[in-house]
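Please work through the exercises below with the structure in view. Each task is followed by a solution in steps.

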Amino acid sequence: MAETPPSPRTPQSPAFPEGVPCWIDVQLPDVEAGRRFYGELFGWTFEPAHGSSVWARLDGRVVAALVPKRDGRMPTVWTVYFAAPDVAALAGRIRESGGQVVIPPTPVDTLGTAALAADPEGAVFGLWQAGTHAGFGKRHEPGSFTWAELYARDTAAVNTFYTRLFHDALFGPGAAPDFGRAPLQDVFPAEMPPHFLVHFGVSDGAATLAAVARLGGRVQVPPFETSYGRVAVVTDDQGASFALLQR
């Protein structure tokens, strides 16, 4: 029998509060190529995770997962997961608020329970109810998750939707959101569908952009200024989009 891979968090680790981005993964046609790209770009190391997936670590702490696509028709994409202490209840609130549950809550061994949902505009996001895996072991540092931006056609409508779902995380006492909303046309062509864009922190944006190109990725949107830092949008060598954020 194969050994069970080590848990990225101990069962005693506290889960993130509801509505806080707590995890990310990327669906890739070639996980080994992803290991080479992101290992070189961010200095990640890797270890076996659930099934054929791998966990990425930075300075020994888990920061993401690379997941093989089960179906070639699935998008090659980074997904952000929001913490859900009761994922079934949150899935119900998503439906009641005009969203959809794309993949219902599904246990992932003892690690936790995952679901995929879409907001009223169709932007897809994940939900994670922690088991032994609470989520990020490191964030808000170069090479790790720093921000998630939702690009939407109707920001007023999505603000209403997410405020109902995640009010405390966005506006409650002591809230420090890692999640913003922006009009789609501010950055992307009008025909681009609404979507979440995962941002990784970088200390030297120009050097990281050069590394993306050297590793076979491309610049999708050149650097621009935002209220939360200087951002560039890139794709990896398999087509998954993400952003580089220098603060």
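The model is predicted: local features need pLDDT of at least 70, side-chain atom pairs count only at pLDDT 80 or more, and totals for chains, interfaces and linings use all residues. Residues are numbered from 1 along each chain as its sequence is written, and side-chain values use heavy atoms, with hydrogens and water left out.

**Exercise 1. Classify the aromatic pair of Trp23 and Phe136.**

Step 1. Recall the rule: rings of Phe, Tyr and Trp (its six-membered ring) pair if their centres lie within 6.5 Å; planes under 30 degrees apart count as stacked, over 60 as edge-to-face and the rest as tilted.

Step 2. The structure holds 30 aromatic pairs. In the pair of Trp23 and Phe136, the centres are 5.8 Å apart and the planes are at 45 degrees, so the pair is tilted.

Step 3. Locate the partners, using helices (H or I, at least four residues) and strands (E, at least two) as DSSP runs numbered from the N terminus. Trp23 belongs to strand β1 (residues 21-28), whereas Phe136 is in the loop between β8 (124-130) and β9 (145-152); the two are 113 residues apart.

Step 4. Judge the exposure: buried means under 20% relative accessible area, exposed over 50%, and partly exposed in between (1.4 Å probe, protein chains only). Trp23 is buried because its relative accessibility is 6%, and Phe136 is buried because its value is 1%.

**Exercise 2. Which secondary-structure elements hold Glu40 and Arg214, and which hold Glu47 and Arg57?**

Step 1. Apply the criterion for a salt bridge: a side-chain nitrogen of Lys or Arg within 4 Å of a carboxyl oxygen of Asp or Glu. By this rule there are 9 salt bridges.

Step 2. Glu40 and Arg214 form one of them, their closest N and O atoms being 3.6 Å apart. Glu40 is in helix α1 and Arg214 in helix α4 (residues 205-214), 174 residues apart. Glu40 is partly exposed at 46%, while Arg214 is exposed at 56%.

Step 3. Glu47 and Arg57 also form a salt bridge, at 2.9 Å from N to O. Glu47 lies in strand β2 (residues 45-48) and Arg57 in strand β3 (residues 54-58), so the pair ties together parts that are 10 residues apart in sequence. Both residues of this pair, Glu47 and Arg57, are buried.

**Exercise 3. Which backbone oxygen does the side chain of Ser144 reach?**

Step 1. Ser144 is in the loop between β8 and β9, and is buried because its relative accessibility is 0%.

Step 2. Its side chain reaches the backbone oxygen of Glu141 at 2.7 Å.

**Exercise 4. Where does Val102 lie, and is Val102 buried or partly exposed?**

Step 1. Val102 lies in strand β6 (residues 100-108).

Step 2. With a relative accessible area of 47%, Val102 is partly exposed.

Terms used:
Polar contact = N/O pair within 3.5 Å; in protein donor to acceptor, adjacent residues only side chain to side chain.
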